[in-house]
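Notebook open, model loaded. I'm jotting down what I looked up, in the order I looked.

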Amino acid sequence: MTQTTEMQATQAGTLTYLPIPAEELDAIRTAGRDEAGNVLEIQVPAEGGAPLRCCLREARAGERLLLIAYTPPGTAGAYAERGPVFIHAERCDGYPKGHAYPPGLIGRQQVVRAYDRQGRIADGVLVADGHQAQGVIAGLLARPEVVLVHLRNVGYGCYNFCVRANGG
């Protein structure tokens with residue numbers, strides 16, 4: 001598949017970009033603790049910029065946020081990494097454009113990490129931004145052993161969101 005074909009496939013809606021499911025976040029908010037047992041504490045940063053995993057955009061200054069420990073989907077065994085992620089303190093509208101790369105995160109340098117059916121890392125590619133990531137994502141998900149990819153921040157390695165091929 002060429003990069004042009006990969007981009008067309010992505011634009012045609014053959015991939016689904018997934019935030020952390022709202023139901024999982026509601027359960028964490030209701031419990032008052034994240035999956036690691038940490039008590040939730042509301043943060044109100046003076047500056048924005050933190051990537052939000054509930055709605056797949058960067059936080060704005062003054063928004064009420066939670067920093068929670070979260071284990072992303074599709075990983076297993078030694079590859080099941082738990083890490084810090086920011087979410088809104090209250091339920092938001094989520095990410096309604098599931099078949100498009102999140103425009104609110106398009107300018108971020110990322111690592112696109114592919115996982116196989118056993119939850120093991122199958123590949124990882126550093127990309128300059130979301131424009132480059134779209135072709136890399138489609139190419140990785142076209143491989144028969146790859147079932148999903150994670151997009152992760154470069155500096156800290158934190159999980160941002162996952163992408164699956166429709167039917168995958």
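What percentage of the 168 residues in the protein chain do buried residues make up? I got 43%, with buried meaning under 20% relative accessible area, exposed over 50% and partly exposed in between (1.4 Å probe, protein chains only).

Ground rules before going on. This is a predicted model, so local features need pLDDT of at least 70 and side-chain atom pairs count only at pLDDT 80 or more, while totals for chains, interfaces and linings use all residues. Residues are numbered from 1 along each chain as its sequence is written, and side-chain values use heavy atoms, with hydrogens and water left out.

**Entry: overall build**

I counted three helices and ten strands in the protein chain; these are DSSP runs numbered from the N terminus, helices being H or I with at least four residues and strands E with at least two. Reading from the N terminus, I noted the order α-β-α-β-β-β-β-β-β-β-α-β-β. The radius of gyration is 16 Å, close to the 15 Å from the globule rule for 168 residues, so the chain is as compact as a globular protein of that length. That radius is taken over C-alpha atoms, and the rule is 2.2 Å times the number of residues to the power 0.38. The C-alpha trace spans about 45 × 35 × 30 Å along its principal axes.

I also checked contacts (heavy atoms within 4.5 Å). Among those between residues at least 6 apart in sequence, 60% join residues at least 24 apart.

**Entry: the sheet**

In what order do the five strands of the open sheet come? I read S1-S10-S9-S7-S8, with antiparallel pairing; two strands pair if DSSP finds at least two bridges between them. S1 (15-18) and S8 (121-127) are the edge strands, each with a single partner, so one side of each has no neighbour in the sheet. From one strand to the next, the twist averages 20°.

I then zoomed in on S7 (residues 110-116), which is joined to S8 by six bridges. One residue I followed was Arg113, whose bridge partner in S8 is Gly124. Helix H3 (residues 130-141) packs on this sheet, touching S1, S7, S8, S9 (146-153) and S10 (159-165). Its direction makes about 155° with that of S9; axes are lines fitted to C-alpha atoms, for helices over the stretch in contact, and angles run from 0 to 180 degrees between N-to-C directions.

**Entry: salt bridges**

I found twelve salt bridges, each a side-chain nitrogen of Lys or Arg within 4 Å of a carboxyl oxygen of Asp or Glu. I took three of the pairs in turn.

Asp26 and Arg29 have their closest N and O atoms 3.3 Å apart. Both sit in H2 (residues 22-31), three residues apart, which puts about one helical turn between them. Asp26 is partly exposed at 25% relative accessibility, whereas Arg29 is buried at 17%.

Where in the chain do Glu35 and Arg82 sit? Glu35 is in the loop between H2 and S2 (42-43), and Arg82 is in the loop between S5 (65-70) and S6 (83-88), 47 residues apart. Their closest N and O atoms are 3.1 Å apart.

For Arg108 and Glu58 I got 2.6 Å between the closest N and O atoms. Arg108 is in the loop between S6 and S7 and Glu58 in S4 (residues 57-58), 50 residues apart. Arg108 is buried at 19%, while Glu58 is partly exposed at 31%.
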